[in-house]
Amino acid sequence: MDIGFAGLGLMGRPMALNLARAGTPLVVWNRTAARCEELRAAGARVAEGPAELFARTRTVILMLAGEEAIDQVLARATPDFGARVAGRTIVHMGTTSPAYSRGLEADVRAAGGAYVEAPVSGSRTPAEEGRLVAMLAGDDAAVQAVRPLLAPMCHETTVCGAVPGALYMKLAVNLYLITMVTGLAEAAHFAERHGLDLRRFAEVLDKGPMASAVSRVKTRKLLDQDFAAQAAAADVLMNNRLVAGAARESGVASPLLDVCHALYDETVALGHGRADMVAVVRAIEERTDRHAEAVPAGRGEGART
């Protein structure tokens with residue numbers, strides 16, 4: 001049975017390519033049609049529109065940028081919604097609010113379809129390498145049916161109970177990632193402004209207990225001033241807003257996240273929204289420069305009198 005895939009963006013394109021290259025019978029659709037050509041060359045068939053995508057498949061993976069895009073592709077709140085989802089399994093692999101996913105599951109099931117949350121942890125490079133980590137939630141039978149389909153994209157899958165358990169798990173993981181990378185950018189900025197050799201800074205980090213695959217990749221990007229997006233700052237800001245919203249809804253404090261939220265907002269406002277998330281260092285640099293302009297020489301904190 002053909003598998004449908006909608007959404008060929010920064011993450012979706014390599015994910016779908018891994019499916020096609022693994023021999024998965026795949027039908028793809030993307031709003032920008034030109035992005036489908038690489039999938040066509042890899043053996044996937046290309047649908048002319050969402051209606052054809054659903055008509056030709058029984059399981060449809062959605063890797064779409066936001067709730068509005070998902071609703072449009074599903075034709076939610078229109079007479080076509082039932083025809084698109086009835087008898088099909090909808091696999092939501094993007095990142096949305098947990099409340100949205102809970103409501104979508106209810107609507108899909110009411111229309112006679114099955115629904116699985118399957119957000120992933122990882123950025124562009126793990127997506128290209130098929131080494132994403134998927135978090136799954138939903139009806140057990142649907143989850144177990146979908147799980148093996150994800151193998152070409154995800155080297156690990158973890159079941160997180162009922163919807164929206166997988167999205168809560170994804171947001172918790174993102175909270176850690178956002179604060180960790182922001183802390184790394186601030187540390188590199190601190191080192192650079194104190195005249196340290198940043199390559200030695202990286203060497204010390206790499207040899208120590210805090211080293212990780214993420215720290216090694218992001219430190220190199222900071223050293224090389226390589227801001228090509230693996231996870232774009234604008235997308236990180238969107239994720240930050242989702243985590244903050246979930247925290248507020250449940251009355252959970254998120255002090256570190258709130259500082260990061262402000263910094264990524266500033267990063268995007270400075271024009272670095274499509275740059276990698278390490279571009280948050282630009283917002284930190286901007287704050288340092290503003291502070292230097294506001295404080296006369298010799299009058300900073302700790303200055304001798």
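Reader: Is the crossing of helix 9 and helix 12 left-handed or right-handed?

Author: The model is predicted: local features need pLDDT of at least 70, side-chain atom pairs count only at pLDDT 80 or more, and totals for chains, interfaces and linings use all residues. Residues are numbered from 1 along each chain as its sequence is written, and side-chain values use heavy atoms, leaving out hydrogens and water. A crossing counts as left-handed if the near helix is turned anticlockwise from the far one by less than a right angle, and as right-handed if clockwise. By that criterion, the crossing of helix 9 and helix 12 is left-handed.

Reader: Which class of angle does helix 9 make with helix 12?

Author: Helices (H or I, at least four residues) and strands (E, at least two) are DSSP runs, numbered from the N terminus. The axes, lines fitted to C-alpha atoms (for helices over the stretch in contact), with angles from 0 to 180 degrees between N-to-C directions, come within 10 Å and cross at roughly 120 degrees for helix 9 (residues 165-193) and helix 12 (residues 233-250). Angles under 35 degrees count as roughly parallel, over 145 as roughly antiparallel, 65 to 115 as roughly perpendicular and the rest as oblique. Therefore helix 9 and helix 12 are oblique.

Reader: How many residues of the contact of helix 9 with helix 12 are nonpolar, polar and charged?

Author: In contact (heavy atoms within 4.5 Å), Tyr 168, Leu 171, Asn 174, Leu 175 and Ile 178 of helix 9 meet residues of helix 12 including Val 236, Asn 239 and Leu 242. Ala, Val, Leu, Ile, Met, Phe, Trp, Tyr, Cys and Pro count as nonpolar, Asp, Glu, Lys and Arg as charged, and the others, Gly among them, as polar. The contact of helix 9 with helix 12 divides into 8 nonpolar, 3 polar and no charged.

Reader: Is Lys 170 buried or exposed?

Author: An unreviewed UniProt entry places the feature "active site" at Lys 170, which lies in helix 9. Not counting residues up to four places away in sequence, Lys 170 touches Thr 95, Pro 119, Val 120 and Met 135. Buried means under 20% relative accessible area, exposed over 50% and partly exposed in between (1.4 Å probe, protein chains only). Because its relative accessibility is 7%, Lys 170 counts as buried.

Reader: Which residues does Asn 239 touch, not counting those up to four places away in sequence?

Author: Asn 239 lies in helix 12. At 11% relative accessibility, Asn 239 counts as buried. With that exclusion in sequence, the residues touched by Asn 239 are Thr 95 and Asn 174.

Technical notes:
UniProt positions are given in the numbering used here, feature names are shortened, and annotations may be inferred rather than shown by experiment.
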